[in-house]
Amino acid sequence: MAKFDMNAMLKQAQQMQAQMMEAQEQAKQEIVEASAGGGMVTVKANGGGEIVEIRIDPRAIDPDDPEMLADMVMAAANEALRSAADLVESKIRGQMPDLGSLGIPGL
């Protein structure tokens, strides 16, 4: 049975934390895009979870139905933020080692 080395585990955990932080910083530089209403509303977000751009086609602006425009903006924004979160998750997952390599019994 392999001996459990707490110092090695702590060192590896610190390395993992640094890698996760680096992945999060990299993701902040990447932009994802989502649209709604057949492309009439487009929202871009970065990996930091910030909306960086909203484009609205003038044809989407119906003074008699402002709720429709609001719904399209909300749908596109929510999808862009979901995509940004997925981007960060995939970057972090790509940086993570196999947890079994920590040497913790049972993992």
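**Reading bridges, helices and a patch**

Reader: I start at R55. What is its relative accessible area, and how does it count?

Author: This is a predicted model, so take every value as computed from it. R55 has a relative accessible area of 38%.

Reader: Which residue forms a salt bridge with R55, and how far apart are the closest N and O atoms?

Author: Look for a Lys or Arg nitrogen within 4 Å of an Asp or Glu oxygen. E33 is one partner of R55, with the closest N and O atoms 3.8 Å apart. The pair links distant parts of the chain. E33 sits in strand β1, residues 31–36. R55 sits in strand β3, residues 51–56. They are 22 residues apart. E33 is partly exposed, at 47% relative accessible area.

Reader: Which residues do shared partners join into one network?

Author: Follow the shared partners from bridge to bridge. E33, K44, E53 and R55 are joined into one network.

Reader: How many salt bridges does the structure hold?

Author: Eight. One of them pairs R59 with D57, with the closest N and O atoms 2.6 Å apart. R59 is exposed, with a relative accessible area of 65%.

Reader: Now the overall fold. What pattern does the chain follow along the sequence?

Author: Read the elements in order: α-β-β-β-α. That makes two helices and three strands.

Reader: How many residues does α2 have, and what should they span?

Author: α2 has 30 residues, and they should span 44 Å. Its end C-alpha atoms are 44 Å apart, which agrees.

Reader: Which residues of α1 are buried?

Author: Find the residues, then ask what they pack against. In α1 they are M9, Q12, M16, A23 and A27. They pack against β2 (41–46) and α2 (66–95).

Reader: Which residues are buried in α2?

Author: Among them are L69, M72, A76, A77 and A80. Further along, A84, L87, V88 and I92 are buried too. Their cover includes α1, β1, β2 and β3.

Reader: How much of the chain do buried residues make up?

Author: They make up 23% of the 107 residues. Contacts tell another part of the story. Take those between residues at least 6 apart in sequence: 51% join residues at least 24 apart.

Reader: Which residues make the nonpolar surface patch?

Author: I51, I54, I56, I61 and L81 make it, and it is about 390 Å². β3 gives the most to this patch, with three residues. I51 has its place in strand β3. At 37% relative accessibility, I51 counts as partly exposed.

How values were computed. Residues numbered from 1 in each chain as written. Predicted model: local features only at pLDDT ≥ 70, side-chain atom pairs only at ≥ 80, totals over all residues. Heavy atoms only, no water. Salt bridge = Lys/Arg side-chain N within 4 Å of Asp/Glu carboxyl O. Helix = DSSP H or I, 4+ residues; strand = E, 2+ residues; numbered from the N terminus. Buried < 20%, exposed > 50% of the residue type's maximum accessible area, 1.4 Å probe, protein only. Contact = heavy atoms within 4.5 Å. Patch = residues over 30% accessible without salt bridge, like charges linked within 9 Å, V, L, I, M, F, W, Y side chains within 5 Å. Areas by Shrake-Rupley, 256 points an atom, 1.4 Å probe, with all protein chains shown as cover. Expected span 1.5 Å × (residues − 1).
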